[in-house]
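This report describes the fold and packing of one protein chain. The sequence and the structure are shown first, and the description follows.

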Amino acid sequence: MTVAKPASGAGGAEAPPIPWFGPTLHELVAGAAPGTRPPVLRRQVGQALTAARQDPVRRELIRRADHASRGAVGSLVAEMLTPPLPRHDPEEFS
């Protein structure tokens, strides 16, 4: 986790920067929607790691995101930091 120092000096009114935890599993693993149960999520992570076999950078990102989301707090933070997923469009499959 990286956090930059606030730009303002003593007495400044700026809020401290938001820490960046890197991409979350929900952003890196296709089909891993927020709220996915851990056993299903672990299976999807395994499939994503297998699919990313030829891309060592992506493999490492997935591995780090998986490790960071193993605890309850990390999992909740990952879900909170993940942008909302697009809504299902019923017209799409008509």
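Proline 34 is found in the loop between helix 1 and helix 2. The model is a predicted one. With a relative accessible area of 36%, proline 34 is partly exposed. Along the sequence, proline 34 and leucine 76 are 42 residues apart, yet their C-alpha atoms lie 9.1 Å from each other in space.

Valine 29 belongs to the loop between helix 1 and helix 2 as well. Its relative accessible area is 3%, and a residue counts as buried under 20%, so valine 29 is buried. Apart from residues up to four places away in sequence, valine 29 touches Gln44, Val45, Ala48 and Ile62.

## Overall organisation

The protein contains 4 helices and 0 strands, and along the sequence the pattern reads α-α-α-α. Of its 94 residues, 21% count as buried. Among contacts with a separation of 6 or more, 44% are between residues 24 or more positions apart.

## Packing of helix 2 against helix 3

Helix 2 covers residues 38-51 and helix 3 covers residues 56-68. The two pack at an angle of about 165 degrees, with their axes 9 Å apart. Angles over 145 degrees count as roughly antiparallel, and helix 2 and helix 3 are therefore roughly antiparallel to each other. The crossing of helix 2 past helix 3 is left-handed.

On the side of helix 2, the contact is made by Arg42, Val45, Ala48, Leu49 and Thr50. Helix 3 contributes Arg59, Ile62, Arg63 and Asp66. Sorted by class, this contact has 4 nonpolar, 1 polar and 4 charged residues.

In soluble globular proteins, nonpolar side chains tend to be buried together. Here, the largest nonpolar core has 11 residues: Leu25, Leu28, Val29, Ala32, Leu41, Val45, Ala48, Leu49, Ala52, Ile62 and Ala65. At least two residues of this core come from each of helix 1 (25-28), helix 2 and helix 3. Helix 2 supplies the largest share, 4 residues.

Alanine 65 is one of the core residues. Leaving aside its neighbours within four places in sequence, alanine 65 is in contact with Pro23, Thr24, Leu25 and Leu28.

Which residues does glutamine 44 contact, leaving aside its neighbours within four places in sequence? They are Val29, Gly31, Ala32 and Thr36. Glutamine 44 lies in helix 2 and is buried, with a relative accessible area of 14%. The C-alpha atoms of glutamine 44 and valine 29 are separated by 6.9 Å, although these residues are 15 residues apart along the chain.

Aspartate 66 lies in helix 3 and, at 10% relative accessibility, counts as buried. Not counting residues up to four places away in sequence, aspartate 66 touches Leu25, Arg42 and Val45.

Terms used. Residues numbered from 1 in each chain as written. Predicted model: local features only at pLDDT ≥ 70, side-chain atom pairs only at ≥ 80, totals over all residues. Heavy atoms only, no water. Axes fitted to C-alpha atoms, helices over the stretch in contact; angles between N-to-C directions. Parallel < 35°, antiparallel > 145°, perpendicular 65-115°, else oblique. Left-handed = near helix turned anticlockwise from the far one by under 90°. Contact = heavy atoms within 4.5 Å. Nonpolar A, V, L, I, M, F, W, Y, C, P; charged D, E, K, R; others polar. Buried < 20%, exposed > 50% of the residue type's maximum accessible area, 1.4 Å probe, protein only. Core = buried A, V, L, I, M, F, W, Y, C linked by side-chain atoms within 4.5 Å.
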